[in-house]
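Visitor: Please walk me through this structure. I will ask, you answer.

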Amino acid sequence: MNPSPLPPGYLNLMGYVDRSEVNGPGCRAVVWLQGCHRGCPGCFNPASWSFEVNQLVSVDDLAAKILSQPQNEGVTFSGGEPFWQAVALAQLARQLKAAGLNVMSFSGFTLAELQSDRAPSGSQALLAQLDILVDGPFVESLAIRDPESLVSSRNQRLHALNPVFKERLDWASDQLEVHVLKDGSRIVTGYRGTLRA
Ligand code: SF4
């Protein structure tokens, strides 16, 4: 079942941080998209499953926010399932890449599924913008309990869609970051991809 459409040019976010070093190469913004229908046992972010509107933000406003942080070399899309919002994410990625940032995404879909006719709308356009894709759902029976691992279960794969990144598939996966937001809420992210708001 496909989620209800959002207004064109808008994204429904679960969370956002300006600066992270545990969600991809170098220093980057991280955007967690709201909504995932898989219900994987052991999912680290069950609060991301609902497709109800959480934080609605326009692509243009989010691009401006990300580009206001000059320390960042890129952005990472996580979830939830980013590819259910692929049309708007592709628009965002185009703006960010034009400004020189690199773009990475996680997905519960495999690359083959995203390249097929059954992929969510806009998937090809988003794939065309990505430098790195980490694909596949979390499968608890295949879980990797190793903080050095860049993936959480053995079925997941890292794809350097831009060959420049083949030598850069490395980041501080064993670290945790705690981000305290202006409203006092926290986002904890890092080891095993944990996100708690
Ligand atoms: S695909 Fe990811 S966000 Fe969705 S239920 Fe599975 S682990 Fe959670």
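Visitor: Is β1 largely enclosed by the rest of the structure or largely exposed, and why?

Guide: First, the ground rules: this is a predicted model, where local features need pLDDT of at least 70, side-chain atom pairs count only at pLDDT 80 or more, and totals for chains, interfaces and linings use all residues. Residues are numbered from 1 along each chain as its sequence is written, and side-chain values use heavy atoms, with hydrogens and water left out. Buried means under 20% relative accessible area, exposed over 50%, partly exposed in between (1.4 Å probe, protein chains only). Eight of the eleven residues of β1 are buried, so β1 is largely enclosed.

Visitor: Which strands pair with β1 in the antiparallel sense?

Guide: Strands here are DSSP runs (E, at least two residues), as are helices (H or I, at least four), numbered from the N terminus. Two strands pair if DSSP finds at least two bridges between them. Four bridges link β1 to β3, residues 55–58, with N12 opposite L56. Five bridges join β1 to β2, and L13 has L33 as its bridge partner there. The partners are β3 and β2.

Visitor: What is the relative accessible area of L33?

Guide: L33 sits in strand β2. Its C-alpha lies 9.5 Å from that of N54, a residue 21 places away in sequence. L33 counts as buried because its relative accessible area is 0%.

Visitor: Which way do β6 and β7 run, parallel or antiparallel?

Guide: Strand β6 spans residues 132–135; I132 and V134 point one way, L133 and D135 the other, and all are buried. With β5, β6 pairs in the parallel sense over three bridges, and M104 is bridged to I132. On β7, I132 stands opposite A160. Four bridges join β6 to β7, and these strands run antiparallel.

Visitor: How many charged residues are in the shell around the ligand?

Guide: A residue is near a molecule if one of its heavy atoms lies within 4 Å of it. The residues around the ligand are C36, R38, G39, C40, C43, S48, W49, G80 and F138. Ala, Val, Leu, Ile, Met, Phe, Trp, Tyr, Cys and Pro count as nonpolar, Asp, Glu, Lys and Arg as charged, and the others, Gly among them, as polar. The shell has five nonpolar and three polar residues, and the charged count is one.

Visitor: How many disulfides does a search of the whole structure find?

Guide: C36 is buried, with a relative accessible area of 13%, and C40 is buried at 16%. A disulfide is a covalent bond between the sulfur atoms of two cysteines; the search takes a pair of cysteine sulfur atoms within 2.5 Å. The number found is zero.
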